[in-house]
Amino acid sequence: MTKTPSPIAVLISGSGSNLQALLDAAETGDLGCDIAVVISDRSGVGGLDRAARADVPTEVVAWSAFATRAAFTDAVCDAAQRWGAGGMVLAGFMRILAPSAMERFPNAIINLHPALLPSFPGARAVEQALEHGVSLTGVTVHFVDEQVDHGPIIAQEAVAVLPDDDAETLHARIQNVEHTLLPTCVAAFARGDLVVEGRHVRWRQTPIAARSQ
Ligand code: GRF
């Protein structure tokens, strides 16, 4: 008997264009799992409206309401588990979770980063790629571990930096790639297609083209 994939929680902090890509893929069945809840670390962000329009429950776990990262993390994980989520997807979520999240969701937290890790970790990845003068940057989707923007890489795709790029134009092209790569990786996770072996993630089925570039 085929096991029904667990639903996921999607964590956001902002406009939620990547959340929209996940909602659209869930709607067509391409995501292979349901989105049980959307959790934001602040109220009033566009991503919460996107979730509401798709009839997906939302919760605000306000970063400012907690004295410690550990307490904030517990509240986020509690909310996700209350809605039955078996994994969490950080889609433009700008907070760092405490290690207890990885204990509660082992190899089941996926993050999206707008650069080719290990280059340019942190919150200014697009700006730093421009400042550094690289000709290629891109997108990384990876499992979350105890270090920031560091865990086992699920897939990467390159984006060329053009001579006239500023942070806005480059980020727009990066986001176009994100909107396909993230749902593809989440669908693979939902299928049980991703096997974590140390720092390496093995795809049970043929790896997507982006991974072998
Ligand atoms: C994405 O580009 C992501 O890589 C970065 O923040 C952005 C979030 O965009 N960490 P959105 O909220 O999904 O539109």
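Residues are numbered from 1 along each chain as its sequence is written, and side-chain values use heavy atoms, with hydrogens and water left out. Because the model is predicted, local features were required to have pLDDT of at least 70 and side-chain atom pairs were counted only at pLDDT 80 or more, whereas totals for chains, interfaces and linings use all residues.

Helices (H or I, at least four residues) and strands (E, at least two) are DSSP runs, numbered from the N terminus. Helix α1 comprises twelve residues, 17-28, and spans 17 Å from its first C-alpha to its last, close to the 16 Å expected at 1.5 Å a residue; the expected span is 1.5 Å times one less than the number of residues. Ser17, Asn18, Leu19, Ala21, Leu22, Leu23 and Ala25 of α1 are buried, where buried means under 20% relative accessible area, exposed over 50% and partly exposed in between (1.4 Å probe, protein chains only). These buried residues pack against β1 (8-12), β2 (35-40), α2 (46-53), β4 (87-90), β5 (109-113) and α6 (167-191). Just after α1, Gly29 has a positive phi of about 90°.

Helix α3 (residues 69-82) has 14 residues, and its end-to-end C-alpha distance of 20 Å is close to the expected 20 Å. Its buried residues are Phe72, Thr73, Ala75, Val76, Cys77, Ala79 and Ala80. Their cover includes β1, β2, β3 (58-60), β4 and α4. Gly84, which follows α3, also has a positive phi, near 80°.

Ser40 is located in strand β2 and is buried, with a relative accessible area of 0%. Apart from neighbours within four places in sequence, Ser40 is in contact (heavy atoms within 4.5 Å) with Ile12, Ser13, Val45, Leu48, Glu59, Val60 and Val61. Leu97 is found in the loop between β4 and α4 (100-104) and counts as buried at 9% relative accessibility. With neighbours within four places again set aside, Leu97 is in contact with Leu11, Arg69, Phe72, Thr73, Met88, Leu90 and Met102. Leu97 and Glu59 are separated by 38 residues in sequence and by 17 Å in space, C-alpha to C-alpha.

Strands β8 (residues 194-197) and β9 pair in the antiparallel sense over four bridges; two strands pair if DSSP finds at least two bridges between them. Val195 stands opposite Arg202 in β9. In this hairpin, two residues lie between the strands, and Gly198 takes a positive phi near 65°. Strand β9 (residues 200-203) has Val201 and Trp203 on its covered face and His200 and Arg202 on the uncovered one.

The largest pocket has a volume of about 840 Å³. A pocket is an open set of points on a 1 Å grid over the protein atoms alone, with protein on both sides within 12 Å along at least five of seven lines, and lining residues have an atom within 4 Å of a point. Grid points are joined across faces, edges and corners, and the volume is the space filled by probe spheres set on the points. Of the 37 lining residues, Gly92, Phe93, Met94, Leu112 and Pro114 are the closest to the centre of the pocket. The elements giving two or more residues to the lining are α1, β5, α5 (125-132) and α6, and α6 gives the most, with four. The lining divides into 16 nonpolar, 14 polar and seven charged residues, with Ala, Val, Leu, Ile, Met, Phe, Trp, Tyr, Cys and Pro taken as nonpolar, Asp, Glu, Lys and Arg as charged, and the others, Gly among them, as polar.

Definitions and conventions
1 Å grid on protein atoms, 1.4 Å probe; cavity = no way out; pocket = protein on both sides within 12 Å on 5 of 7 lines; lining within 4 Å.
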